[in-house]
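Please consider the structure shown below together with its sequence. The explanation that accompanies it is meant to be read with both in view.

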Amino acid sequence: MRPRKAQPFFGRHPWVRDSGIDKVIGKVEDGDVVELISDKDRFIAYGLINRNSHLRVRLYSWDPEAKLDHAFWRSRLERAIQMRRELGMLREDSGCRLVYSEADGLSGLVVEYFAGHLVIQITSLGMYKQLEQIVALLEDLLQPKSISLRGEAGILKLEGLEIEPRVVSGEVPAEPIELVENDLRYEVGLSEGQKTGFYLDQRDNRRVAANIIPAGSKVLDMFCYSGGFALNAAKHAQASHVHGVDGSGPAISAAERNAERNQLTNVTFEKADCFDYLKARVDAGDQYDAIVLDPPKFTKSRRTIDEALRAYFHINRHAAQLLRPGGILVTCSCSGNVSRDEFQMMLLGVSQKSGRDFRILEQRGAAPDHPVSATCLESEYLKCFIASVG
């Protein structure tokens, strides 16, 4: 490392950017295991190098005796699996995030569990080179029905990596499987779908929001995807009516099937541009008792943070206009580049501009199968604020 650059990594932060590296000693291929050492030749950690990436080295072990071998990867996977098992999430009909990258000490690897099927998402070249070993270990530890591989195009490009989605083990059902979450049944398509087929991170937030929304409410669920918040409000909040809106036709079709699957007749869904829909409802003078805003990621970079905050402001101000006095707003951001403080300051701006009092009842994050690493706070991405709007 360059002089005065090592301290964060002695502190166990897992990302070493290219600007911190002075030189590479010896013949090293991208994806190889390397030792990170300070400018004073002091051992820091073992990691995986990729000279194609601005994240030049991803770190995994700070113990000089714990090299990145088969036993190391096995122990990390065992630890991650055991935590989810202790949380009661590895049921035959459940879904959970089994491995969450940096938060589980496995930077570049995400594994999601869907009723016995596994979906792997690789986000680093180094972890891709460990894929065969990771798959074999997951098979041994869990005996899954299938293992599929996926990648996120934007991230893979930054890593200089191409991954074709494919089945690497077992057989993936052509038809959607069923998951049970919060006493609701959902279909999840493993062969297609946004992300890995279902948004597991909002599991607890959906139920908490339903507990806060008063019975008999008229509820609007924007960016509803397959109906998670809407169905919880319809069943557990006993709303008089819930209307879900999303720009994706397949998502709306899945949401309608999920409503039928749960025999819920107090919920409807509509395909529409969510920004236009909110404005149209404001222009029409509509009023709601509760509104949920759970949009997709508005920015993937700090360079476009102002644009993202303007988008959040826009939809939240419309929501404030649509809520009756004392109405409940559930507003979320999954943009990791938007900090919790920035999101809360955006809500402050909405309160000031709209002349409405926002009383924050809950500040929440992702479900516990999406933990946050204390030494890599970048692993916290989801913000969920529940507020009473006066």
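The model discussed here is predicted. The domain assignment divides the chain into domain 1 (6–61), domain 2 (70–174) and domain 3 (184–191 + 198–389). Between the C-alpha centres of domain 1 and domain 3 there is a distance of 39 Å.

We turn now to the sheet. It is an open sheet of five strands, arranged in the order β5-β6-β7-β8-β9, and its pairing is mixed.

Strand β6 (residues 109–114) pairs with β7 in the antiparallel sense, over six bridges. Within this pairing, Y113 stands opposite L118 of β7. The two strands β6 and β7 form a hairpin with two residues between them, and A115 in the turn has a positive phi of about 50°. On the other hand, β7 pairs with strand β8 (residues 146–151) in the parallel sense, again over six bridges. Here H117 is the residue opposite S146 in β8. Finally, β8 and β9 run antiparallel and are joined by four bridges, with I147 opposite S169 in β9.

Why can strand β7 (residues 117–122) be described as largely enclosed by the rest of the structure? A residue counts as buried when its relative accessible area is under 20%. Six of the six residues of β7 are buried, so the strand is largely enclosed. Both faces of β7 are covered: H117, V119 and Q121 are buried on one side, and L118, I120 and I122 are buried on the other.

The next subject is charge. Side chains of opposite charge can pair when their charged atoms come close. In this model the count of salt bridges comes to 23. One of them brings together the side chains of R74 and D140, at 2.8 Å from N to O. This pair links distant parts of the chain, since R74 belongs to helix α2 (residues 70–86) and D140 to helix α4 (residues 131–142), 66 residues apart. R74 is partly exposed, with a relative accessible area of 26%, and D140 is also partly exposed, at 42%.

Another salt bridge involves the sheet itself. The side chains of R97 and E112 meet at 2.6 Å, N to O. R97 lies in strand β5 (residues 95–100) and E112 in strand β6, 15 residues apart. Are these two residues buried or exposed? R97 is buried, with a relative accessible area of 6%, and E112 is buried as well, at 0%.

A further salt bridge joins the side chains of E178 and R261, at 2.7 Å from N to O. E178 lies in strand β10 (residues 177–181) and R261 in helix α8 (residues 249–261), so the pair ties together parts that are 83 residues apart in sequence. E178 is partly exposed, with a relative accessible area of 31%, and R261 is partly exposed at 25%. Salt bridges that share partners join E178, R185, E187, R257 and R261 into one network.

Note on methods: Residues numbered from 1 in each chain as written. Predicted model: local features only at pLDDT ≥ 70, side-chain atom pairs only at ≥ 80, totals over all residues. Heavy atoms only, no water. Buried < 20%, exposed > 50% of the residue type's maximum accessible area, 1.4 Å probe, protein only. Pairing = 2+ DSSP bridges. Salt bridge = Lys/Arg side-chain N within 4 Å of Asp/Glu carboxyl O. Domains from an automatic or database assignment.
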